[in-house]
Amino acid sequence: MGVLDPIAGFGVTFKTMFRKTFTEQYPAKPKVTAPRFHGRHQLNRWPDGLEKCVGCELCAWACPADAIYVEGAQNTEDERFSPGERYGRVYQINYQRCILCGLCVEACPTRALTMTNEFELADDSRASLIYEKSRLLGPLLPGMEAPPHERRLGDDEQAYFLGLPNTGRPDDRAGDLGGTVPQPMNQGYLNRKRKEA
Ligand code: SF4
Ligand code: SF4
């Protein structure tokens, strides 16, 4: 150890002493997570409201914790939930098992599955920690209609998928998205406040 090493050590202490302190006010104020934080999952929709999930089960196979259960089914002309042939009839994520690693998101071929910033998942019931499809589906934004319904973005699969705009701007074929309000960062905090009110 050199003679100046203790002085260097104290230098770190002194520098820290004069820094502005930062106190996290959570849970009184919502915690702002990093933009790419791995929180609760969301099943996404196309701009007309049809579901992006095709029930392929790749997410379930990729999951190291066996936390996902999927059952696919065939769309019919009378009852269509996704623009292609199949959709996810049953979709469950068990948050008692999930480690929020994101491997399922990487495995999904249609970008149907993504993760939100919501992290307040604690609950006192095992059953309510198994999220069904109804809780995982994204909200209906302006221009979206709850399935089942016809494809609104093109008569067949080719028109539907190839009609997507070039990357860099949102797909507004179902209507003007100008008034769309982005989801708040921490939906869990807002849900808790709503329950307390
Ligand atoms: S985040 Fe990881 S553990 Fe959770 S469901 Fe996806 S793959 Fe499984
Ligand atoms: S979320 Fe993606 S990977 Fe999982 S079943 Fe649906 S389409 Fe397949």
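The largest nonpolar core of this predicted model comprises 18 residues, and those with the most contacts inside it are Cys53, Cys59 and Ile68. A nonpolar core is here a set of buried Ala, Val, Leu, Ile, Met, Phe, Trp, Tyr and Cys residues joined through C-beta atoms within 7 Å. A residue counts as buried if 20 or more other C-beta atoms lie within 10 Å of its own, as exposed if 12 or fewer do, and as partly exposed in between, with C-beta atoms placed from the backbone. Two or more residues of this core are given by each of strand E2 (68–74) and E3, and the largest share, 3 residues, comes from E3. In soluble globular proteins, nonpolar side chains tend to be buried together. Leaving aside neighbours within four places in sequence, Cys59 is in contact (C-beta atoms, placed from the backbone, within 7 Å) with Ile68, Val70, Cys104, Ala107, Cys108 and Leu113.

Residues are numbered from 1 along each chain as its sequence is written, while chains are lettered from A and ligands numbered from 1 in the order in which they are written. Because the model is predicted, local features need pLDDT of at least 70 and side-chain atom pairs count only at pLDDT 80 or more, whereas totals for chains, interfaces and linings use all residues.

The protein contains 6 helices and 5 strands, arranged along the sequence in the pattern α-β-α-β-β-α-β-β-α-α-α. Helices (H or I, at least four residues) and strands (E, at least two) are DSSP runs, numbered from the N terminus. Of the 197 residues, 18% count as buried. Among contacts between residues at least 6 apart in sequence, 72% join residues at least 24 apart. Helix H1 (residues 5–17) has 13 residues and reaches 19 Å from its first C-alpha to its last, close to the expected 18 Å, the expectation being 1.5 Å times one less than the number of residues. The number of buried residues among the 13 of H1 is 0, so this helix lies largely in the open.

An open sheet of 3 strands has the order E2-E3-E5, with antiparallel pairing; two strands pair if DSSP finds at least two bridges between them. E2 and E5 are the edge strands, each pairing on one side only. E2 and E3 run antiparallel and are joined by 7 bridges; in E3, Gly88 is the bridge partner of Gly72 and Tyr91 that of Val70. E3 also pairs in the antiparallel sense with strand E5 (residues 130–131) over 2 bridges, and Ile130 in E5 is the bridge partner of Asn94.

Arg89 lies in strand E3 (residues 86–94). With 14 other C-beta atoms within 10 Å, Arg89 is partly exposed. Beyond its neighbours within four places in sequence, Arg89 is in contact with Gly55, Glu71, Gly72 and Ala73. Arg89 and Glu71 are 18 residues apart in sequence and 5.7 Å apart in space, C-alpha to C-alpha.

Ala, Val, Leu, Ile, Met, Phe, Trp, Tyr, Cys and Pro count as nonpolar, Asp, Glu, Lys and Arg as charged, and the others, Gly among them, as polar. Ligand 2 is surrounded by 14 residues, the closest being Cys53, Cys56, Cys59, Cys108 and Leu113. The shell around ligand 2 has 10 nonpolar, 3 polar and 1 charged residues.

Conventions: Two residues are in contact if their C-beta atoms, placed from the backbone, lie within 7 Å. A residue is near a molecule or strand if its C-beta atom, placed from the backbone, lies within 6 Å of it.
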